[in-house]
Amino acid sequence: LENASARVHISRLVAMKVQLQQELEVLYAEYNGSVDEYLKNVYQDDYYRTAFEVAKGTSVGVDLHKISTSDIEQVLKKPWLSDGKEFSSRIWDNKDKLVNLLDRELTQQIIRGTDPQKAINTIASKMNVSKSQAGTLVMTEAAAASSAARKQVFEDLDVERYEIVATLDLRTSEICRDMDGKVFKMSEYRPGETAPPFHPRCRTTTVPWFEDFQDGGKRAARNPQTGKTEYVPADMHYAEWYRTYVEGNASAELAMKKTKNESADRKQYRRYKETLGAEAPKSFEKFQDMKYTKKESWEELKEAYRDVNWQKKAQEKHSSGEGHSTPFQAEPNSVYDNYKGDVLLQRRYYGSTGKPRLDIDLTNHNNPKRHPVAPHRHDWKELQAGQVKRSEIHDMPLKLGDRIANSDILKEMKNGA
């Protein structure tokens, strides 16, 4: 029977993997086709738009032939990175990586007998990562197509030099900040080195550079405090813009810090929401605002996050009983609930040595004058030679982390009342 059961599980696993492979093949084929069409449109639009802007800026008429679909396809098929891969190859590489990842995840979930919902959540998480990677790939390839179109226009119009133009805002990468304003010969036009894209999701572009057309004009910039578009002199490059509008401006420097740390902060915010639930800030913006401007609240939130994590971990080693007093020694990093009949008197957390670390008392010990706060907490302090001593401070209110991690017994206490 055990062998028969194993064969059934293996057959189901193989069937799931085959179905997954088939579904992804269809999805990625559609994805490849739609993105290919999108990149062709990007190239064509950028080619004609750039030609128009050059003609308008120089007041010189231009005569361009209509670019054909086959010409565009030839350009887009040409690899622009050193790995020599074209766009469609990257798409199918991503698909193969995703199939292997999900294949491994399915196998492990079935072997471990994990709860189906947990398996679904894990795989959904992996899919979201793949979705993000796909978005980055499309945005970067679109930037490469745009760069290729501009290069072709410059060559068709006999432009000899071009200038790097980065975005004047707080999100611009270090490399693009440094490249802003640099001028190169057309013979030096190499995407990723002397022309954009310089990195994934690059927003930097290029413009023709003429020695006789360098006076006057404006370029767009984003106000670092309001986020609105403003205009600055065309010859103001990133370093000067940063010195003028960001350095020494407390609000702008705060906005810069938030922007620079956004990716890491979003990951941290997701962890805090998962751990703290409704007690976490309601939005990512409020989370960052607390982190960078409200030190006391931020320290309390960090402490709550740590407390919930270590207490929840200890609760995985949970035991209970009834006695005159709670055991002094127990399994390291565990929890013991001490009852009197059906009434929970105390929850004790044990530290790494197996000695008490924290007590949560649910009653006033029949002495409301001495213990007016219930429930309350008692910390245990580590002494020398591995000894511990209970805090002499009575009736310390539960902290935020205590209330979250022990919501089960607090709810039970409330219902009992």
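How many bridges join strand S1 (residues 161-165) to S2, and do the two strands run parallel or antiparallel? Three bridges join them, and the pair runs antiparallel. Before we look further, a word on the model: it is predicted, so local features need pLDDT of at least 70 and side-chain atom pairs count only at pLDDT 80 or more, while totals for chains, interfaces and linings use all residues. Residues are numbered from 1 along each chain as its sequence is written, and side-chain values use heavy atoms, with hydrogens and water left out.

**The whole protein**

The protein holds twelve helices and eleven strands; these are DSSP runs (helices H or I of at least four residues, strands E of at least two), numbered from the N terminus. Of the 417 residues, 37% are buried, meaning under 20% relative accessible area, with exposed over 50% and partly exposed in between (1.4 Å probe, protein chains only). Among contacts (heavy atoms within 4.5 Å) between residues at least 6 apart in sequence, 53% join residues at least 24 apart.

Glu163 stands opposite Val183 in S2.

Tyr339 takes part in both pairings: Tyr339 is the bridge partner of Glu322, and Leu344 in S8 is the bridge partner of Tyr339. S7 and S8 form a hairpin with two residues between them, and Gly341 in the turn has a positive phi of about 70°.

**Two helix pairs**

The table sets out how two pairs of helices pack. Axes are lines fitted to C-alpha atoms, for helices over the stretch in contact, and angles run from 0 to 180 degrees between N-to-C directions.

| Helices | Angle | Axes apart |
|---|---|---|
| H7 (residues 250-260) and H9 (residues 284-293) | about 120° | 11 Å |
| H8 (residues 262-276) and H10 (residues 295-314) | about 60° | 10 Å |

The angle of about 60° makes H8 oblique to H10; angles under 35 degrees count as roughly parallel, over 145 as roughly antiparallel, 65 to 115 as roughly perpendicular and the rest as oblique. H8 and H10 have a left-handed crossing, whereas H7 passes H9 in a right-handed one. A crossing is left-handed if the near helix is turned anticlockwise from the far one by less than a right angle, and right-handed if clockwise.

In the H7 and H9 pair, Leu254, Lys257 and Lys258 of H7 meet Gln288, Asp289, Tyr292 and Thr293 of H9.

**A look at Arg403**

Where does Arg403 sit? Arg403 lies in helix H11 (residues 400-405). Its relative accessibility is 42%, so Arg403 counts as partly exposed. Leaving aside residues up to four places away in sequence, Arg403 touches Leu398 and Leu410. The C-alpha atoms of Arg403 and Asp307 are 9.9 Å apart, although 96 residues separate the two along the chain.

Definitions and conventions
Two strands pair if DSSP finds at least two bridges between them.
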